[in-house]
Amino acid sequence: MSFPKKGNSLHSGSDGGAPSGHADTFAAMVSAVLRRSVGGRPSAVKLVARWTGARERTVKNWFAGSCAPKGDHFRELVRHCPEMLDAFLVSVDRQDHLAIAKLGQVEAALMEALAAIAKLKR
């Protein structure tokens, strides 16, 4: 018994009708962020697989940039890797949302610093 000749490729290059250039750009962005944020760890693939619930082979493809996460997997990447959200907002030209998110982080840090100063004064 042999495998059928048709249908043995994993990815056809299109993303459900979307132009392949957009899918490639998204995959490259995800790959770059993953490599930058967790790529230096020896178990980076396993870590990302735990975060997302994806199989390790799928995560390896994300690291390689040969395919990109979809839907729920991308949401989990953003949840566990804030750099992913930053890169995504920049890629869709929404730096205004990025600035607002950073402002919230700065405000929280300032509030924490003020609380620490108030403790020292007592």
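Colleague: How much of the protein chain counts as buried?
Modeller: In this predicted model, 25% of the 122 residues count as buried.

Colleague: And the accessible surface, what does that come to?
Modeller: About 9000 Å² for the protein chain, with 59% of that belonging to carbon and sulfur atoms.

Colleague: How many helices and strands are there?
Modeller: Six helices and zero strands. Along the sequence the pattern reads α-α-α-α-α-α.

Colleague: Take α2 and α4. At what angle do they pack?
Modeller: About 110 degrees, and their axes are 8 Å apart. Helix α2 covers residues 44-52 and α4 covers residues 71-80. Angles of 65 to 115 degrees count as roughly perpendicular, so α2 is roughly perpendicular to α4.

Colleague: Is the crossing of α2 and α4 left-handed or right-handed?
Modeller: Right-handed.

Colleague: Which residues meet there?
Modeller: From α2, V48, W51 and T52; from α4, H73, E76, L77 and H80. By class, that contact has three nonpolar residues, three polar and one charged.

Colleague: Different topic. Which residues are buried in α5?
Modeller: M84, A87 and L89, in a helix that runs over residues 82-91.

Colleague: What comes just after α5?
Modeller: D93, which takes a positive phi of about 60 degrees.

Colleague: Last one, on contacts between residues at least 6 apart in sequence. What percentage join residues at least 24 apart?
Modeller: In the protein chain, 52% of those contacts do.

Note on methods: Residues numbered from 1 in each chain as written. Predicted model: local features only at pLDDT ≥ 70, side-chain atom pairs only at ≥ 80, totals over all residues. Heavy atoms only, no water. Buried < 20%, exposed > 50% of the residue type's maximum accessible area, 1.4 Å probe, protein only. Helix = DSSP H or I, 4+ residues; strand = E, 2+ residues; numbered from the N terminus. Axes fitted to C-alpha atoms, helices over the stretch in contact; angles between N-to-C directions. Parallel < 35°, antiparallel > 145°, perpendicular 65-115°, else oblique. Left-handed = near helix turned anticlockwise from the far one by under 90°. Contact = heavy atoms within 4.5 Å. Nonpolar A, V, L, I, M, F, W, Y, C, P; charged D, E, K, R; others polar. Areas by Shrake-Rupley, 256 points an atom, 1.4 Å probe, with all protein chains shown as cover.
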